Amino acid sequence: MGKEQLLSLENNLFTITMLLYFAAMVLYFIFFAMKKENMAKIGNRLLLVGFILHSIALIARGIGAGRLPMTNQYEFATSFAWGLCLVLLVFIHRYHFQALGTFATPVMFLIIGYAAMQNKDVRELMPALRSNWLGFHVSTAIIAYGAFGVSFAVSLMFLIRDKMSDTAFMTRHIPPKENLDMISYRAVSLGLLFLSFTIITGAIWAERAWGSYWSWDPKETWSLVTWLIYALYLHLRIRRDWHGRSAAIFAVIGFIAVIFTYIGVNTFLPGIHSYA
Amino acid sequence: MQFALILLLLLVLACAGGSFITQGQTYEWYAAQYSERAAGAIIALGLDHVYQCWWFVAITAFLCLNLIACNLVRLPSLLKRYRQAGEAERYVHTAGAVSAEEPLDEEQARKVFSDLGFRQITQGEGFLFAARNRAGFWGAWVCHLGILILIIGFGFGQMAKETYMVYGLPGQSKAIGDTSYILTIDDFSIGLREDDTVEQYTSRLTVHNASDGTSQSAEASVNAPADMYGMRFYQNSTGWAARVNITENGEPLQSEVICVGEYVSVEDKPDLVVYLNAFYPDYYLDPGQGPMSLSSKINNPAYLYSVFYMGQMLGMNALLETEELTIDEYTVTFSEPQNFTIIQIKKDPFTFLALIGGLVTLLGLVLAFYIQYSAVWAVEENGKWTMHGTSPKGGVLFRDRFLRAVTGKEQEN
Ligand code: HEM
């Protein structure tokens, strides 16, 4: 297949993926609102099919462009949604936790929707972006952001469960607060570990490309802010008296910082990261 | 730890705040951007250089002290916990954080161990015991140590780091700052793709050490710096240079290549100076925006120059390659536009320390999050075994997994 065909394949698969994610989101809502168990099961299947097609789309784009498909705003956004879907599927499966889909799919849909609004052109890379470290940097960021997305959804559920009374439906579909706290902790752990990889590989790359591994560029600074917020989350969790609620609030703030680092910094603050 | 939380929160606020205020500007700049009062406050509080100012350094220093104290204080108890975590005797006489309700027979009990991933089982008088991932106890400790090394490496690097910029054309040699090293640019090339976008910039460099007469050569390109004499050479960027030809009454007087931003003095009238302000490879005079280049290809080269006599500017204009500039008996022309290379040179002996700090932090996080300690034991009473387990960080997830493994066996009964 030629470059044009691969890219048009990617384009089509992307659209199908987006529709599948949307359908999954709707089914998860029906499941949650109307207590229809099998809706969640079908939603989960659609999510899985969407994820597979999404993966093929990314591979097609990678081959078509002759490089990792993670170097501009569109590519990073679609990869971000892919990473979130991956972590979401793993967490739903691992913790037998379908209701997570109801809270996480909207976030995923927003991100892939954001991707759809970006310019999809494949552009040649400027020399500073031609580095293997960039590959490590961005692929670890995708997993980190995906994991933080999941922790955001779980923490929202925690806060809702904290506020609302324990109806039969709630207890049936949302795990107890203790479990939510632990699952959010597992997601933050994964995210923080990968964010640390992201920052370190980014620093190594910056050192090689710009001669300075840390220059307080706004994107760098905000990745540090995000990192520190999640460090705060971890320490808050350890304190028995603060357990749960305040940690959950910090997990939500952390994800807002993630989104700001990703979109806000490019939009509101100037810096060398402005192309990514 | 309360103090640590406050320090972390202050760091978050400082970092976030600093990113919203453009750093490193003057009072006048801030006054024009915000207001005079705001500008005064920004300068007084050091908000124009947040990440280097005293209070930011102080917060970081307190964080380091806190980390040192915390790691020192916790070391003895950690060592003790680490040692005891492998001792069956400490556990088997007590109930676990989670205990099974129904006892199992020995074979089933052993199966629970293996289902939960325990391979090595210690068999004692009336008990079975297994523990794993004791190394995980060290996670937070190692992580804190890593952060400390990282901050120290970064801080020392900021103080000890030396950076220089050298630019030049192939064949030129220049001193590197006030060091005894001389940098020669042997060659400079720009690799273009078919669509004329730049794929790579590459400089071939030789460094000569004037103090011992040795030299080393290497190639530096973007993303692939060269290391020589403990310094790192980066292909930083590029700019334009051109040949200036001066004739006097039609006779050639001088001809030399200068970079944009440099000047020549006329040989027999040194007070007369021609300065090369800019170069436009594809010149176009836009009525609104002034001189500009339509592309980076040399289609219609033009040179923006200014002329000074005894320090006074006589004029400034753009000159095409076909045009001449006449000043009394002198005629000036420009030709042979070419690229010069800009090399950044850095010496930071502490980069490796920061890198080690980063890697140690990563190791700590892996230990803290993915090597979680857990212990399971079974105690015999009348040929039946009661299962217990504990995992300080596994919480309800460990409990659920433990109970699932145990009830699985109970149901088989
Ligand atoms: C940038 C700063 C810091 C980061 C990123 C950080 C990171 C961590 C991490 C990852 C853990 C493990 C949490 C877990 O396993 O769930 C932890 C635990 C802990 N940290 Fe920090 N830390 C920082 C600063 C500090 C400081 C300054 C103190 C000083 C008192 C401190 C005290 C503790 C304590 C007491 C624990 C509990 C350890 C345990 O339960 O095993 N941390 N920290």
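Predicted model: local features only at pLDDT ≥ 70, side-chain atom pairs only at ≥ 80, totals over all residues.
Residues are numbered from 1 along each chain as its sequence is written, chains are lettered from A and ligands numbered from 1 in the order written, and side-chain values use heavy atoms, with hydrogens and water left out.

**Exercise 1.** Find out which parts of chain A the pair A:Tyr145 and A:Tyr262 ties together.

*Solution.* Start with the criterion: Phe, Tyr and Trp rings (six-membered ring for Trp) pair if their centres lie within 6.5 Å, and planes under 30 degrees apart are stacked, over 60 edge-to-face, the rest tilted. Over all chains, that gives 45 aromatic pairs. Our two tyrosines sit 6.4 Å apart centre to centre with 65° between the planes, an edge-to-face pair. Now place them: A:Tyr145 is in helix H5 (residues 132-163) and A:Tyr262 in helix H9 (residues 245-268), so the pair ties together parts 117 residues apart in sequence. Helices here are DSSP runs (H or I, at least four residues), numbered from the N terminus. Both A:Tyr145 and A:Tyr262 are buried (under 20% relative accessible area, 1.4 Å probe, protein chains only).

**Exercise 2.** Work out what lines the second largest pocket.

*Solution.* First, the term: on a 1 Å grid over the protein atoms alone, a pocket is an open set of points with protein on both sides within 12 Å along at least five of seven lines, and lining residues have an atom within 4 Å of a point. The lining has 34 residues, with A:Arg94, A:Tyr95, A:Arg186, B:Leu397 and B:Arg401 nearest the centre. Elements giving two or more residues include helix H7 (177-210) of chain A and helix H9 (395-412) of chain B. The volume comes to about 820 Å³, taken as the space filled by probe spheres set on the points.

**Exercise 3.** Identify the helix that gives the most to the lining of the second largest cavity.

*Solution.* A cavity is a set of points where a 1.4 Å probe fits but cannot get out. Helix H7 (residues 139-160) of chain B is the answer, with 3 residues.

Technical notes. Buried < 20%, exposed > 50% of the residue type's maximum accessible area, 1.4 Å probe, protein only.
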